[in-house]
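Q: Hi! Could you walk me through this structure, with an eye on the aromatic side chains?
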Amino acid sequence: GILGAGQVARMLAQAGQPMGLEFVFLDPAEDACAAEFGSHICAGWDDEAALKELGRRADVVTFDFENVPESSASLIESLCPVYPPPRALFKSQDRMREKTMMQTLGIPVAPFHPVAGRPELVAAVEKIGLPCVLKTRRFGYDGKGQAVLRFQEDMERAWQELGDSELICEGFVPFQAECSIIAARGRNGQTVFWPLTRNLHRGGILAISMAPAFERQLQLRAEAMIQGLLDHLDYTGVMALELFLKDGELLANEFAPRVHNSGHWTIDGAHTSQFENHLRAICGMPLGDTGVSSPSVMFNLLGEMPENVRQRSTDHYPTDSLHWHDYHKTPREGRKIGHVTVTAESDTELKARAVQFAADLGVSAELNLEAIMGKTGE
Ligand code: AMP
């Protein structure tokens, strides 16, 4: 059973079908894009009867987004196992709880301070210093619900914009790179990690993920950070931890208690994808090999599928070097509607292909892959 039937649920079901698994989804959207891969209970996240139906019909329930109400997850848990555990949702849904937990576990994070009112904002900015980032504690995603404060005068504008919500003020991290570590932990505690992935954003939305991208020493540090979270939460399933790399050090930004956009490359570039291992973990099966089969660069596709690029690409790229994933969602400005993973045998080949593909998509000016690729291990 999956709470949510968006593209993440769709990719879980695509991974699960060859494993002989069957899926039932609960999602209020009539045209939810995973629905064609199983049966769809069309109802709200707080519809008790529907949640109970899901809990009765499924052997195990998971979710495809982290804002599932914890009460809904707990209601289902009274009927069948829910993985990842609802306490992981509880922690990840509030940036203050999340950062406090990380700090307690000794995971490095930027300085932070809660902000419950206008005077507290002044105090927080004084304590943390400028520049800093003001964020809503809950329901922020893709850079929404946050504002960067560079000067004292920015405070009023940010307060007008966000002051209706509970807030957290964080130190601004002048990072050299953003990355994420994704891990899967089985019911028995067995844990596996994919390579630390480098992420590039455009307008607050993930644009590109590339892996492998970093040296072994950073990989081991990132693994130790996420292992601390997994063990503390007695976690089952896939978790992603978003990190900043600054002056050779890793700082945690946030964790996602689910498969993650920056791990979509694992479908085509790793021996076992994040989706398959999430299912293996929650179903109590042994976890698969997370080794890289091809170095990869994943491009998110936003708005509408670039059909002209897709058609032309068959002539310009070797067979099996571009992997197109169309989520079959209705096109809408800024909406994630698919992704493409570019793979190659060697790093040099990958760089050439990725640079060419970025140009084909028209994103190369903003995301200077030419300069970035090959330099990420620094
Ligand atoms: P978040 O919603 O926390 O994942 O933030 C979205 C994006 O905003 C991140 O991927 C970063 O690019 C940027 N960002 C968030 N927090 C900070 C911070 N403390 N310092 C610098 N950039 C940040």
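A: Happy to; below we go from the overall fold to the rings.

Q: Great. What kind of model is it, predicted or experimental?
A: It's a predicted model.

Q: How many helices and strands are there in the protein chain?
A: The protein chain has 13 helices and 17 strands.

Q: And what is its radius of gyration?
A: The protein chain comes out at 21 Å. A compact globule with 378 residues would have a value near 21 Å, so the two agree. Along the principal axes, the C-alpha atoms fill a box of roughly 55 × 55 × 40 Å.

Q: What share of the residues is buried?
A: Buried residues account for 56% of the 378 in the protein chain. The chain exposes about 16,200 Å², and 48% of that comes from carbon and sulfur atoms.

Q: What about contacts across the sequence?
A: Take the contacts between residues at least 6 apart in sequence: 60% of them join residues at least 24 apart.

Q: OK, on to the rings. How many aromatic pairs does a search of the whole structure find?
A: Six aromatic pairs turn up. One of the pairs involves Phe23 and Phe25: the ring centres are 6.2 Å apart and the planes make an angle of 10 degrees.

Q: Why does that pair count as stacked?
A: Because the planes are at 10 degrees, and stacked covers planes under 30 degrees apart.

Q: Are Phe23 and Phe25 buried or exposed?
A: Phe23 and Phe25 are both buried.

Q: Now Tyr317 and Phe357: how are those rings arranged, stacked or edge-to-face?
A: Edge-to-face, since their planes are at 75 degrees, with the centres 6.1 Å apart.

Q: Where do Tyr317 and Phe357 lie?
A: Tyr317 lies in the loop between helix 11 (307-316) and strand 16 (322-326), while Phe357 belongs to helix 12 (residues 347-361). The pair therefore ties together parts that are 40 residues apart in sequence.

Q: Buried or exposed, those two?
A: Tyr317 has 7% relative accessibility and counts as buried. Phe357 has 0%, so Phe357 counts as buried too.

Q: Changing topic: which arginines lie over the face of a ring?
A: Among them are Arg97 and Arg150. Arg97 lies over the face of Phe90, at 3.7 Å from the ring centre. Arg150 sits over the face of Phe172, and there the distance to the ring centre is 5.1 Å.

Definitions and conventions:
Residues numbered from 1 in each chain as written. Predicted model: local features only at pLDDT ≥ 70, side-chain atom pairs only at ≥ 80, totals over all residues. Heavy atoms only, no water. Phe/Tyr/Trp six-rings, centres within 6.5 Å; stacked < 30°, edge-to-face > 60°. Buried < 20%, exposed > 50% of the residue type's maximum accessible area, 1.4 Å probe, protein only. Helix = DSSP H or I, 4+ residues; strand = E, 2+ residues; numbered from the N terminus. Lys NZ or Arg CZ within 6 Å of the ring centre and 35° of its normal. Rg over C-alpha atoms; globule rule 2.2 N^0.38 Å. Contact = heavy atoms within 4.5 Å. Areas by Shrake-Rupley, 256 points an atom, 1.4 Å probe, with all protein chains shown as cover.
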